[in-house]
Amino acid sequence: RVHGDIVHAGISVAPDAMFCIVTNPINSVIPVAGEIIKRHSEHKDLRRLFGITTLDAVRASTFIAEAKGLEGRQITVPVIGGHSGLTIVPLISQSIPRVSFPVAEREELITRIQNAGSEILESKAGYGSSTLCIAYAATRFIRALLSAMGGRQGVVECAFVKSDHAECEYFASPVMLGRNGIEEYMEVSTILEFEYKYLQVAVRELSKRIKKGVDFAKTYQPSKP
């Protein structure tokens, strides 16, 4: 409800605003926001709504770079699907530069990327979470969006967005940013068989989370002042 009220208030006073949400559970919160915007705003295509999943891409790049003896900034890994556990699908086969791993190591890396949040919680023994990581990811995405709004060309980031180009109504994928939000949904090259298996699992889980958000939005009424 809090997220719904924030989005409703936002579009009431700033209908052209960009909504960049980093609060979990993103897989359900973004559908809630999207349905509220469609109901109360002229921007029905939701190109100004973003679930910030940059953290998943940062973790994927960092872990894969470490495994190859590189710096995190030297490698880019697209991450699709959603923003929790099994819904996170790092496309290692499409890393730039290209990398490869033995099957067992590859599976370990994917599992680590999917469970990175839990890894941090365990390392802090319950006395903290990945707040600094989230802050860094949010800052990186916002800076990218602002630079694109300012006219910079070719700015691409992964985000959880409304999509007509995926198996789910909302989906995390690379998007090109521009003055009005999403300028282009970037095509994901043909994924490998092992990645498709992870994607199938992600879609099943993600569909449940999206439905939960959409169902909530159907009954949402703004809180009274």
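Leaving aside neighbours within four places in sequence, which residues is I52 in contact with? The structure examined here is a predicted model, in which local features need pLDDT of at least 70, side-chain atom pairs count only at pLDDT 80 or more, and totals for chains, interfaces and linings use all residues. Residues are numbered from 1 along each chain as its sequence is written, and side-chain values use heavy atoms, with hydrogens and water left out.

I52 lies in strand β2, which covers residues 49-52. Its partners are C20, I21, V22, I26, H83, A137, A138, F141 and I142, where contact means heavy atoms within 4.5 Å. I52 is buried, with a relative accessible area of 2%. Buried denotes under 20% relative accessible area, exposed over 50%, and partly exposed the range in between (1.4 Å probe, protein chains only). P97 is 45 residues from I52 along the chain, and the C-alpha atoms of the two are separated by 24 Å.

Helix α3 spans residues 54-67. At 1.5 Å a residue, its 14 residues should span 20 Å. The expected span is 1.5 Å times one less than the number of residues. The end C-alpha atoms of α3 are 20 Å apart, which agrees. The helix is mostly covered, with eleven of its 14 residues buried. Among these are T54, L55, D56, A57, V58 and R59. The list also includes A60, S61, F63, I64 and A65. An α-helix has 3.6 residues a turn, so residues three or four places apart point the same way. G69 follows α3 and has a positive phi, near 70 degrees.

The protein chain contains seven helices and seven strands. These are DSSP runs numbered from the N terminus (helices: H or I, at least four residues; strands: E, at least two). Their order along the sequence is α-β-α-β-α-β-β-α-α-α-β-β-β-α.

For 225 residues, a compact globule would have a radius of gyration near 17 Å. The protein chain has 17 Å, which agrees. The radius is taken over C-alpha atoms, and the globule rule is 2.2 Å times the number of residues to the power 0.38. Along the principal axes, the C-alpha atoms fill a box of roughly 55 × 40 × 35 Å. Buried residues account for 46% of the 225 residues. Among contacts between residues at least 6 apart in sequence, 65% join residues at least 24 apart.
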